[in-house]
Amino acid sequence: MNFDLKTLSLAAAAAQTCDLLLVLIPEGFRPGQDALSTLAALALRSGDLVLKAGKQLHLYQPPAVAARRVVLVGAGDGSARAVQQALLAAGPAIQAPQTKRLVLCLAGAVSAGAVSTALQALAEASYVYTSTKPTAQARSLQRCVVGVPDAAAVRDAFDRGVALVAGVELAREWGNRPANHATPSLLADAARALAKLPRIQCKVHGPAEVARLGMGAFMAVARGSEEPLRFIELRYGGAAKDQAPVVLVGKGITFDTGGISIKPAAEMDEMKFDMCGAASVLGAFRALGELQPAINVLGLIPACENMPDGRAVKPGDVVTSLSGKTIEVLNTDAEGRLVLCDALSYAARFKPAAVVDVATLTGACMIALGNVRSGLFANDDGLAAALHAAGEAALDTCWRMPLDDDYAEGLKSNFADMGNVAGRAGGAITAAKFLQKFVGEMPWAHLDIAGAAWKSGTAKGATGRPVGLLVHYLLGQAAQRAPSEPAPRAASKSAQRATASKPAARAVPRRAPRARAS
């Protein structure tokens, strides 16, 4: 799907030939003398159009308008969230098979954040998964023209939105693929493909290299699977080599049966989503490749399956992590923290400015926060504040959770330096306390995305979160640092016409927390 940004008044928008013209009208709208303004003013006076976000009036071939179909959509206060609500409400019209060319006209003053959000909402509304479903009707929408009062004023936000669409849709694509189509080896291939983008490099470690590194906790999780593990290392070099990198660590359990502590059958199919942390790191790097910010970023993805067989790690086994600390594996379904702890220890050798791990780690976090906000844990107040602010700006929100030392009491073990679980109470917090034991003095944050990474029910599928949060955070860090050379322009020309991969209709179902990741 291609995006274009244009300066368009309502009069100019009426002259645009397209399959669908969406006109977003905010509160306080002042109509002009053009045809669209006249239609909107008449509809408002008669009460047929309400400007509450998402309220719509559908028109067909109205006089003096070139578009075949026109939808007037209320945009509320014109904020980014209101624009998102408005466009998602118009999803059926956007996703209709006859909608191949769309013009979106944002009437009135528009914020930069609203423009970026509009692109993401258009992509979400038109997303269709087709990779393993050949009977699915692929996305029909091919070109979107976004019209604003002043294109130059929002160009950077537009470029950011295009890059975020590419990143989020890459994360959704890999999150949605069945486990036999998203093995650790295939995930590594996806990372290698990202190395074709400017300033991105990729290195993949196999079982022999991981063994030489001494990642005993990671290897223990992978032992029960016939699929070989992969430890993926992505590097984006946008700043001077001596600038400390930000490290993103993504949990890449491509399928989680629970191991010997096997999960119940109900909804176990959704454990293909247990690599959504890894997918979000891939998506963030996809966006970095387009935006080219002046910052260094390292991505680490420990990828494997958690399967039960005669070689699988057993409850009560003791494994030695990369840090040298020993771990009593009391529950093999608490495997995410085992692969992450070795990746966190590995991150320390790069002397990072900050480390952020992203994982579908605990069902307990979904119980606490639902599917609205990701859980945020951090040992550094500045890092926590920056991530929270990035989430608010990206409409990809998180909420800070406590890390009191008392929560770690349950991790004590008679047979190892620690156990890998501490009981049900405060499960999301005790999981974070386990990870904290491996970060030392590094500024570190943990995002538990178990509630936010995917939806269940009729709209089952990956959301692509928290790519938006991560990218906003990284761009904020790049803006704060003084690079040794000027940063490149926010996005390349190719980014302005970036293609978004195969996206499906949005719904908001409720989800039962039975086979959640841990």
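Predicted model: local features only at pLDDT ≥ 70, side-chain atom pairs only at ≥ 80, totals over all residues.
Helix 5, spanning residues 112-126, packs against helix 6, spanning residues 155-176, with the two axes 8 Å apart and at an angle of about 30°. Because angles under 35 degrees count as roughly parallel, helix 5 is classed as roughly parallel to helix 6. The crossing of this pair is right-handed. On the side of helix 5, the contact is formed by Ala112, Gly113, Val115, Ser116, Leu119, Gln120, Ala123 and Glu124. These residues meet Ala157, Phe158, Arg160, Gly161, Val162, Leu164, Val165, Glu169 and Arg172 of helix 6. By class, the contact of helix 5 with helix 6 comprises nine nonpolar, four polar and four charged residues.

A second pairing involves helix 7 (residues 184-194) and helix 10 (residues 276-291), whose axes come within 10 Å and cross at roughly 10°. Helix 7 is therefore roughly parallel to helix 10. The crossing of helix 7 and helix 10 is left-handed, whereas that of helix 5 and helix 6 is right-handed. Helix 7 contributes Leu187, Ala190, Ala191 and Leu194 to the contact, and helix 10 contributes Ala278, Leu282, Phe285 and Arg286. Seven nonpolar residues and one charged residue make up the contact of helix 7 with helix 10, with no polar residues present.

Arginine 465 lies in the loop that connects strand 20 (461-462) to helix 15 (467-480). With a relative accessible area of 16%, arginine 465 is buried, since this value falls under the 20% limit. The side chain of arginine 465 reaches two backbone oxygens: that of valine 372 at 2.9 Å and that of threonine 397 at 3.1 Å. Beyond neighbours within four places in sequence, the contacts of arginine 465 include the run Asn371, Val372, Arg373 and Ser374, together with Asp396 and Thr397. Arginine 465 is also in contact with Ser280, Ile449, Ala452 and Ala453.

Alanine 479 and lysine 437 are 42 residues apart along the chain, and their C-alpha atoms are separated by 31 Å.

Methods:
Residues numbered from 1 in each chain as written. Heavy atoms only, no water. Helix = DSSP H or I, 4+ residues; strand = E, 2+ residues; numbered from the N terminus. Buried < 20%, exposed > 50% of the residue type's maximum accessible area, 1.4 Å probe, protein only. Polar contact = N/O pair within 3.5 Å; in protein donor to acceptor, adjacent residues only side chain to side chain. Contact = heavy atoms within 4.5 Å. Axes fitted to C-alpha atoms, helices over the stretch in contact; angles between N-to-C directions. Parallel < 35°, antiparallel > 145°, perpendicular 65-115°, else oblique. Left-handed = near helix turned anticlockwise from the far one by under 90°. Nonpolar A, V, L, I, M, F, W, Y, C, P; charged D, E, K, R; others polar.
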